[in-house]
Each structure stands twice: as structure tokens, then as C-alpha cells.
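Student: Before we discuss the contacts, could the terms be set out with their cut-offs?

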Amino acid sequence: MERRPPGSSRPTEPGPCLSGQRGADQAASASLQSAARARPGRHPLAVAAVLPAGGCGERMGVPTPKQFCPILGRPLISYTLQALERVCWIKDIVVAVTGENMEVMKSIIQKYQHKRISLVEAGVTRHRSIFNGLKALAEDQLNRKLSKPEIVIIHDAVRPFVEEDILLKVVTAAKEHGCSDCDLEFGTECLQLALKYCCTKAKLVEGSPDLWKVTYKRDLYAAESIIKERISQEICVVTDTKEDNKHVSHLLEEVLKSELNHVKVTSEALCHAGRDLQKIILDQCYNFVCVNVMTSDFQETQKLLSMLEESNLSILYPVVVVSVHFLDFKIVPPSKKMENLMLIREFAKEVKKRNIWLCGLLISYPQDEQKLQESLREGAIIIASLIKERNSGLIGQLLIA
Ligand SMILES: Nc1ccn([C@@H]2O[C@H](COP(=O)(O)OP(=O)(O)OP(=O)(O)O)[C@@H](O)[C@H]2O)c(=O)n1
Ligand SMILES: O=C(CO)[C@H](O)[C@H](O)COP(=O)(O)O
């Protein structure tokens, strides 16, 4: 997803919010933005979005309408709203939901702290739902809460992976182009309706493969794996300032880097002020490994957990914390420390309420350098799978490398 470095600037009119993208995406957005800036006589466009979300999801084959089906515990529609909210130049987002799901929708907005959202009643067909949304924008029925838009983006609530670039292209095309024969030939039914009844000029813009619609149950699994992939791109290895701990943390960091290609592995000290760690949290890193050497108590892990609980990081995605304990099994047999280590279950139960998924990992710390490397590698493989697979069944478990 969807990381946003703190303090990054966002345009106040159609133009990409660079902060949400990386690498090639950033470069593409930047060139689009400067192209938009270069347009003579350009003025800010008033843009709104209407999200039809009033279907029953018959093809999904489950009683819950698909837009409310959970992915990593959060309803699908919340991901779509998040994707649109990140686009700062969309002023209002109008969601069409059925009367019976109105309260569910309100509680989703509240729980996941969505902003700029207004709700209208859905219609019996998708087009009627869209029409109700447009009517609300045109007539400003909602107590003058909505600004009157020049351009309205219509986006299915069940297409969670929409990116700012494509929205910008659509808005730009809506503003600049006429409707071609090709668009009428190969376009969708809305295009024809818009032309027939409103004489609205339209242009077909090619989308990205990620814009696909969640329709069948298998699409939920596909969406889940895309989201897991996005949130497992960074791991922060945390330890206290003791030299021994810093040394072992560094070794683990190196092994994690070689085991997890393309994943950014950083390390931070859990010092009193914890300023750097705060920055990592604000930067939206969702994976933490807390290193404890020759100790089976959880002081450092608890400090980290409190910081995470105080932040709102886990509202949108589960945050994985692996409490790693290095013990020399020859000097300290694990059985002696087991009682203490089993406390992981209690801590895990507590923080799970805040969507923080805690696991314990015991790594053998032999004196022999080669053997240490071997157990570090085994530990790194376990950490990688905890972070990438995000299996809620492993919450509170103590794993051994
Ligand atoms: N009366 C309707 C029907 C559909 N939609 C919305 O239109 C989008 C695309 O429609 P579709 O994928 O066909 O959704 P469903 O109608 O829910 O699916 P199905 O055809 O499997 O029942 C969805 O976000 C859906 O909630 C709507 O707002 N109002
Ligand atoms: O998937 C759909 C409904 O199931 C829509 O038809 C699809 O999103 C195209 O929409 P539009 O006609 O508005 O371009």
C-alpha cells in the first residue's frame, strides 16, 4: 500500500499526491503533475466521487454483501474508501448503500476514521444507485455539506486497488476530450447512457490490471494476498541500547535482509525518548521484531507494544510484532525459562484487541559462530513467514528456531 512519509506535501487540486507512491509510480505521478501544471489557464477542478455500494453480491455466494466482506478483519469497502481518501483533490465521496446496511456503513466510517464521506440510499440497480449519488451532489440534499463538483468519478465500491494516477487520467480526460466512435463501440453501458441522456462528452481511458472487481470468493483471497504483500515491505528490528543486544540485532538484521529480498529492513533502538521509532511508526511500518538477548522477560517488548498501542497504526492493518528471545540452550535450558515465556499468550490476547498480532520466537544462541548463523537463518525464515503470511492462528504462539 500506500505508505505516506510524514510531512510530505499534497496538492490541493487534481494532481498526484506524491507521498503515497514509490519509485516508478512516483516518477510517473510527478510527470503527470508537472504536465497538469503546465496547462495554460489551468484552474482547480472541483472533483467528487460516487461509490455504488448497494449490491447484494449474489455471485460471491455468501450472505454478507461483498463490499462488507472482511479482508484481514476490515471490510472491503473500507479499503476502497482509503484509496480514494488518499487522493486529496477529491473533495467529497458519496457512497450509495441500501437502507438495511446504512448503520453498518456508518459504523465502518467511524471505526476506520474515514473522512469526507456522505451516504445516500442505493437504488435497485447499479445505475439507480449512481443516480442517487449524483442527485445528492447536484441538489446538495445533504444540508449543504457537499461542494458542487465539475467532475464526478464513478467508482465501484468493490474495486479496492484504484490508484491516484488513473483517477487523474480519468479526470483530465473527462475535462479535455470528446467522445469517439471507438469509445462508443467498445465502451461500457454508462458511456452510452451519458451520451444519450445528458449529451455528456466522454473518453475511454485504459485502466490498470489492479482495477479488477471483486466478484467471486476467489477474488477476496486475491485481494487479501495483494494487501499482505503491500504491508510486508518493511520490517523494523527493535532492541534496547545494550551492546550485546545491538550486536545480535545487527546480525539478525543482516540475515533478514538476505532472506527477504526486496523487503526494507531497518533497525531502531528502543531508547526512552524513542523518537526514531516514533518516526518509523508514523511512516507506517507494520512489522516489528523486538530482540531480547539472554532474557525471557518481556520488558522491551512491552515498551514497544505500549508505543504501538498509543499510536493509531493498527487501525487499518494488523501490526505484527515478533518478540525474539536469544538463549544459549547449553547454559540456560529453555524449560527453565518456559514459564516466563508462556506469558506471551497473555500479552498477545491483550494487544490483539488493538489489532496487534504478537508472537514469541525462541532462537538458540550458541557460542559457535557458524551454529549461531544457522539458528539466525532459521529464525529469519520463521519471521519472514509470520510477516508475509499473517496467519492469525499463530497469534500468542511461541515458536522455536
Ligand atoms: N443495486 C445496486 C447493485 C450494485 N451496486 C454496486 O455496483 C458495484 C458493481 O456491481 P456488481 O459487481 O454487479 O455488484 P453486485 O450487484 O453486488 O454483484 P452480483 O451481480 O454478484 O449480485 C458494486 O459495488 C455494487 O455494490 C449498487 O450500488 N446498487
Ligand atoms: O462492473 C460493473 C458492474 O458490474 C460496471 O459495469 C463496470 O464498472 C463498468 O462501469 P461503467 O459502465 O460505469 O463504465
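Tutor: Buried area is the accessible area (1.4 Å probe) that two parts lose on being put together, summed over both. This is a predicted model, in which local features need pLDDT of at least 70, side-chain atom pairs count only at pLDDT 80 or more, and totals for chains, interfaces and linings use all residues. Residues are numbered from 1 along each chain as its sequence is written, and side-chain values use heavy atoms, with hydrogens and water left out.

Student: What buried area do domain 1 and domain 2 have between them?

Tutor: Domain 1 (18-227) and domain 2 (232-400), with bounds from an automatic or database domain assignment, bury about 720 Å² between them, 56% of it on carbon and sulfur atoms.

Student: Why is the pair of phenylalanine 326 and tyrosine 365 called edge-to-face?

Tutor: Rings of Phe, Tyr and Trp (its six-membered ring) pair if their centres lie within 6.5 Å; planes under 30 degrees apart count as stacked, over 60 as edge-to-face and the rest as tilted. The ring centres of phenylalanine 326 and tyrosine 365 are 5.9 Å apart and their planes stand at 70°, so the pair is edge-to-face. The structure holds five aromatic pairs.

Student: What makes lysine 106 and glutamate 103 a salt bridge?

Tutor: The term requires a side-chain nitrogen of Lys or Arg within 4 Å of a carboxyl oxygen of Asp or Glu. For lysine 106 and glutamate 103, the closest N and O atoms are 3.5 Å apart, and the two form a salt bridge. The structure holds 16 salt bridges, but the count between domain 1 and domain 2 is zero.

Notes
Chains are lettered from A and ligands numbered from 1 in the order in which they are written.
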